[in-house]
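Me: I am new to this structure and would like to go through it step by step. Could you begin with a term I will need, and then turn to the details?

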Amino acid sequence: MISLRIALAFCATFIASSAHATLDEVIDRAISPLSDALSAAIFYEIPLPMVDQGVPFIVAWLVIAAVVFTLYFGFINLRAMRHSFGLIRGRYTPPDAVGEVTHFQALATALSGTVGLGNIAGVAIAVSLGGPGATFWMILAGLLSMSTKFAECTLGVKYRNEYADGTVSGGPMYYLSKGIAEQHPRLKPLGKILAVVFAVFCIGGAIGAGTMFQTNQAFSQLLNVTGGEASPLNGFGWLFGLGIAFLVGMVIIGGIKSIARVTAKVVPTMAIVYVVAGLTIILLNIDQVPAAVGAILDGAFRPEGVAGGLIGVIILGFRRAAFSNEAGVGSAAIAHSAVRTDRPVTEGLVALYEPLIDTVVICTITALVIIITGSLVGAGDIEGVALTSRAFESAFSWFPYVLLVAVLLFAFSTTIAWSYYGLKSWTYLVGEGKTKELIFKFSILPAIVVGASINLTSVMDFADGMILAMALPNLIGVYLLAPVVKKELQSYWADYKSGRLQTYD
Amino acid sequence: MSLYLVGIDGSAGGERALEAAIAMAGESQSRLLLVYVIAWSPFSFSTPEENAERHRRREEELAIAHSKLLQPLLEKVQAQSIPVEGLATHGHPARKLASLAEEHAARMIIVARSGDKPIKSRFFGGTASALTQSAGCPVLVVP
């Protein structure tokens with residue numbers, strides 16, 4: 001209640017102090033300096049010789065990790081695909097594990113936290129700023145980051161906490177503290193510090209990318225469908241935010257499981273509808289696909305009119321890929337850690353499919369639809385989800401409404417998932433307890449209102465900054481613990497290759 | 001000694017199936033296996049919070065199934081001095097009953113016609129009709 005009151009007082013002060021500006025503008029003005037400062041730090045550009053454009057530090061950090069892990073684990077992202085599919089299908093799950101969390105469920109839960117606006121809005125942003133070529137780099141980044149995801153999710157299961165009452169808590173906080181202490185006793189204090197830093201950033205990510213960005217884009221699509229600038233809803237973002245905050249509050253505070261359960265069932269359906277609609281548009285225009293692929297490949301190496309040229313387009317693609325699949329960020333390790341298995345590496349192998357579905361499949365479809373329908377031409381200042389909406393609309397006039405439902409549901413499910421990640425980080429910092437949990441849950445809600453009220457750029461920068469900052473402590477830990485993962489993988493892979501793994505078909 | 005497998009689900013229908021099974025087992029000197037399948041699919045969707053608590057919930061579900069559902073029925077059968085065992089497990093009800101019948105070489109599966117909610121069974125077919133289509137042994141459907 002306290003934080004809610006503070007938030008109300010905060011809003012009231014602003015209403016009083018600015019009779020002329022709308023509430024949305026006021027909130028936007030208050031948040032923008034903060035998000036600017038944060039993104040300046042996270043996206044510090046490392047200057048490159050010979051070109052004007054530098055590489056944002058965090059993007060380099062993620063890409064280097066993805067390449068290193070791909071090489072270190074011997075292209076696990078490619079060679080394990082078939083076996084991972086068997087794991088997801090339940091081919092290696094013993095029948096006495098019925099009723100436990102399956103590999104499929106852990107993957108689906110993690111996906112519902114990542115598949116969302118990053119795929120629909122993020123691709124549109126990359127393509128509108130970087131041209132078709134940005135797609136190529138997004139796909140490449142998606143493929144490479146599968147290896148990062150593999151490593152972090154294996155560690156998430158290996159070092160999770162299992163409590164006496166049968167519940168589990170896992171994620172980077174635990175492998176950073178427990179794993180580093182076990183493998184490198186002298187670095188124990190470092191592990192503890194990294195875990196705390198991660199937890200702090202994760203709370204920020206939950207507020208920024210998990211809630212603010214989601215409601216922001218959901219409202220933007222709502223405006224778009226109801227008439228854009230002229231929409232009667234324009235300027236009422238805060239009201240929309242209040243509505244969403246109320247629903248989220250019902251689930252995370254009121255414990256109304258039915259809403260969460262309905263969302264958990266409808267979200268995958270919406271994802272399938274989205275993919276089918278995208279594929280239909282692509283098939284209807286199959287004759288244009290070679291040209292679109294040509295434009296993607298051509299634009300990837302010879303971009304025209306893109307700020308920063310080749311380096312600029314590479315950075316855009318990699319940045320949006322990182323934001324969409326969150327590999328290296330560590331969030332998925334929290335979701336994957338609940339699976340029931342005695343071989344942690346199996347969950348890492350299952351997690352390979354996350355960036356594959358999220359970035360490689362869904363993002364490619366979105367990009368192809370945008371390019372094929374020619375929506376890029378004369379897009380002007382249409383950005384984010386509005387561009388995707390326009391592309392799908394040119395084939396199916398009713399699609400913006402479907403997309404609205406999809407965006408609302410994706411936003412909602414991602415908010416629920418991230419509020420859980422944030423909560424786990426919060427309880428890691430302050431300890432378990434009902435009151436402590438409530439304090440966190442109440443502080444998530446004002447962020448939803450703020451997110452719906454401010455403009456895309458400032459939300460985007462804040463969200464990007466917070467979520468990507470999580471990769472700093474997380475990847476240091478994954479580097480330190482990579483030999484553990486490699487050992488587990490080698491013994492598991494030897495069992496698999498020699499046919500010692502029992503199958504149940 | 002032949003074995004009859006009885007599917008129970010906590011409903012009145014399940015008890016009627018058991019009544020029929022008791023009568024038959026008494027006449028033919030057979031054993032009974034009471035099975036309660038908790039509907040569960042490895043391919044359903046859940047929230048992160050549900051996943052974190054899943055193992056605990058599973059143990060709770062099994063404990064309740066044993067103490068509240070199976071135990072009273074087992075005692076009822078034992079009172080008639082018919083040998084009986086009980087089993088609670090997660091899975092797809094019809095498929096699970098069929099595979100357990102095969103595993104235990106059951107002579108017959110006995111289930112009630114109703115059990116599922118009417119709308120659901122209208123669209124997807126109830127457990128009883130699924131069993132009559134797929135089971136490897138005779139199925140007795142009790143009204």
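This is a predicted model: local features need pLDDT of at least 70, side-chain atom pairs count only at pLDDT 80 or more; totals for chains, interfaces and linings use all residues.

Me: How many bridges join strand 1 of chain B to strand 2 of chain B, and do they run parallel or antiparallel?

Reply: Six bridges link strand 1 (residues 3–8) of chain B with strand 2 (residues 31–39) of chain B, and the two run parallel. Within strand 2 of chain B, B:Leu33 is the bridge partner of B:Leu5.

Me: What about strand 4 of chain B: how many of its residues are buried?

Reply: Four of the five residues of strand 4 (residues 108–112) of chain B are buried, so the strand is mostly covered. Strand 4 of chain B also pairs with strand 1 of chain B in the parallel sense, over three bridges. There, B:Ile109 is the bridge partner of B:Leu5. Four bridges join strand 4 of chain B to strand 5 (residues 139–142) of chain B, again in parallel, and B:Ala112 has B:Val142 as its bridge partner in strand 5 of chain B.

Me: Back to helix 2 of chain B. Where is B:Leu70 found, and what is it in contact with?

Reply: B:Leu70 lies in helix 2 (residues 48–79) of chain B. Apart from neighbours within four places in sequence, its contacts are B:Leu34, B:Tyr36, B:Ala65, B:Gly86 and B:Ala88.

Me: Why does B:Leu70 count as buried?

Reply: B:Leu70 counts as buried because it has 21 C-beta neighbours inside 10 Å, and the cut-off for a buried residue is 20 or more.

Me: Changing topic: what is the phi of B:Ala105, and is this residue buried or exposed?

Reply: Phi of B:Ala105 is near 50°, a positive value in a residue other than glycine. Most residues other than glycine have a negative phi. B:Ala105 is in the loop between helix 3 (93–103) and strand 4 of chain B, and it counts as exposed because it has 11 C-beta neighbours inside 10 Å.

Me: Now chain A. At what angle do helix 5 and helix 16 of chain A pack?

Reply: Helix 5 (residues 81–89) and helix 16 (residues 344–351) of chain A pack at about 105°, with axes 8 Å apart. Helix 5 of chain A is therefore roughly perpendicular to helix 16 of chain A. Helix 5 of chain A contributes A:His83, A:Ser84, A:Leu87 and A:Ile88 to the contact, and helix 16 of chain A contributes A:Thr346, A:Leu349 and A:Val350. These residues divide into four nonpolar, three polar and no charged.

Me: Lastly, how many residues of chain A are in contact with chain B, and which helix gives the most?

Reply: 26 residues of chain A are in contact with 21 residues of chain B. On the side of chain A that touches chain B, helix 6 of chain A gives the most, with five residues. That side divides into 14 nonpolar, eight polar and four charged residues.

Conventions: Residues are numbered from 1 along each chain as its sequence is written. Chains are lettered from A and ligands numbered from 1 in the order in which they are written. Axes are lines fitted to C-alpha atoms, for helices over the stretch in contact, and angles run from 0 to 180 degrees between N-to-C directions. Angles under 35 degrees count as roughly parallel, over 145 as roughly antiparallel, 65 to 115 as roughly perpendicular and the rest as oblique. Two residues are in contact if their C-beta atoms, placed from the backbone, lie within 7 Å. Ala, Val, Leu, Ile, Met, Phe, Trp, Tyr, Cys and Pro count as nonpolar, Asp, Glu, Lys and Arg as charged, and the others, Gly among them, as polar. A residue is buried if 20 or more other C-beta atoms lie within 10 Å of its own, exposed if 12 or fewer, and partly exposed in between; C-beta atoms are placed from the backbone. Two strands pair if DSSP finds at least two bridges between them.
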